[in-house]
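Here are my notes on this model, point by point. Please read them with the structure open.

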Amino acid sequence: MCLLMYMVTVMGNLIIILSVSTSYRLRSPMFFFLGHLSFSDMLVTSTVVPVMVNVTLADGGSLFLTGCITQFFFFGSLAITQCLLLTAMSYDRYLAICNPLYYSVIMDYKLCIYLVVGCWSLGFVLTLIPIFLIKTLWFCGPNVIDHFFCDLGPLLELSCSDVSIVKYEVLSLSGLLTIIPFLFIVVTYVYIFVRRQKTFSTCSSHLTVVCAYYGTLFAIYVVPRRGYSTTVNKVLSLMYTVITPLFNPIIYGLRNQEIKMAMQNYLCAQNMWWK
């Protein structure tokens, strides 16, 4: 089932990327950010699901500590990047709806490039902080992770060193990178609702994705884990790494007429080419 969901996720996000990059109707900042969000969805699920499926089929598996830390690095970097991309998309919607006369002047191509480069750069740079701290820890055993990928919590449980500094640093960093962007998104949509109530419904797709992303991130990395069982943690991680990337192309594809038209035109063009 996870393998099937992974294939559908990759195919759905790939269709969105191809539609955004080939359709002239989708040459706008909103779809530019959406293309990068879909690309990050493909990467985050590809970082986790293939290894998980391999371990499941083989009834277990082994991974070097360096490989485990590398998997967490890419997973954490992409998680931060997605949070920042969703924040950039909310700022784009705020400008387009509340300041339409200045939208094209403010949200030009140069600013879009700056925002996207900043989202990807911050995601990978900030994740290096916990990675450097993890590299200083001593891992003397046990060496079995009770999880389907190398997440931070299960990885720290294997260390024989004092991991309190790493936990406090990750808690502070994840809190800043989730709470501040989430509050920014809430403020932008409050302004949109107050000023343009009739157009507020056009942001429903983005709001649905924001709730799915930040809901699981808050539950996993920000809310204290006391009382959390290992099974609950696995289910929440599965939501973020498998189910949410699967829902994104469905949500944007079904609720956005421009995306659907671009997909139809692209598929028709491919059929004509093959004929």
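**Notes on helix packing and buried sites**

1. Start with H3 and H5. This is a predicted model. In it, helix H3 (residues 65-98) packs against H5 at an angle of about 145°. Their axes are 8 Å apart. H3 passes H5 in a right-handed crossing.

2. Next, who makes that contact. On the H3 side the residues are Ile69, Phe72, Phe73, Phe74, Gly76, Ser77, Leu78, Ile80, Thr81, Leu84, Leu85 and Ala88. H5 answers with Leu115, Cys119, Trp120, Leu122, Gly123, Phe124, Leu126, Thr127, Leu128, Ile131, Ile134 and Lys135. Sorted by class, the contact of H3 with H5 holds 18 nonpolar, 5 polar and 1 charged residues.

3. Now H2 and H5. Helix H2 covers residues 29-57, and helix H5 covers residues 109-135. The two pack at an angle of about 20°, with axes 11 Å apart. Angles under 35 degrees count as roughly parallel, so H2 and H5 are roughly parallel to each other. The crossing of H2 past H5 is right-handed.

4. The residues behind it: H2 contributes Pro29, Phe32, Phe33, His36, Phe39, Ser40 and Leu43. H5 contributes Cys112, Ile113, Leu115, Val116 and Trp120. The count for the contact of H2 with H5 is 10 nonpolar, 2 polar and no charged. Note that Leu115 and Trp120 of H5 are listed here and also in the contact with H3.

5. Look at Ser90. Ser90 sits in helix H3. Its relative accessibility is 0%, so Ser90 counts as buried. What does Ser90 touch, leaving out residues up to four places away in sequence? The partners are Phe184, Ile185, Thr188, Tyr189 and His206. Take Thr188 in particular. Ser90 and Thr188 are 98 residues apart in sequence, yet their C-alpha atoms are 6.7 Å apart in space.

6. Then His147. This residue is in the loop between H5 and helix H6 (152-156). Is His147 buried or exposed? Buried means under 20% relative accessible area; His147 has 13%, so it is buried. Setting aside residues up to four places away in sequence, His147 touches Pro154, Asn233, Lys234 and Ser237.

7. Last, H1. Helix H1 (residues 2-22) has 21 residues. From first C-alpha to last it reaches 30 Å, close to the 30 Å expected at 1.5 Å a residue. The buried residues of H1 are Met5, Tyr6, Thr9, Gly12, Asn13, Ile16, Ser19 and Val20.

Technical notes
Residues numbered from 1 in each chain as written. Predicted model: local features only at pLDDT ≥ 70, side-chain atom pairs only at ≥ 80, totals over all residues. Heavy atoms only, no water. Axes fitted to C-alpha atoms, helices over the stretch in contact; angles between N-to-C directions. Helix = DSSP H or I, 4+ residues; strand = E, 2+ residues; numbered from the N terminus. Parallel < 35°, antiparallel > 145°, perpendicular 65-115°, else oblique. Left-handed = near helix turned anticlockwise from the far one by under 90°. Contact = heavy atoms within 4.5 Å. Nonpolar A, V, L, I, M, F, W, Y, C, P; charged D, E, K, R; others polar. Buried < 20%, exposed > 50% of the residue type's maximum accessible area, 1.4 Å probe, protein only. Expected span 1.5 Å × (residues − 1).
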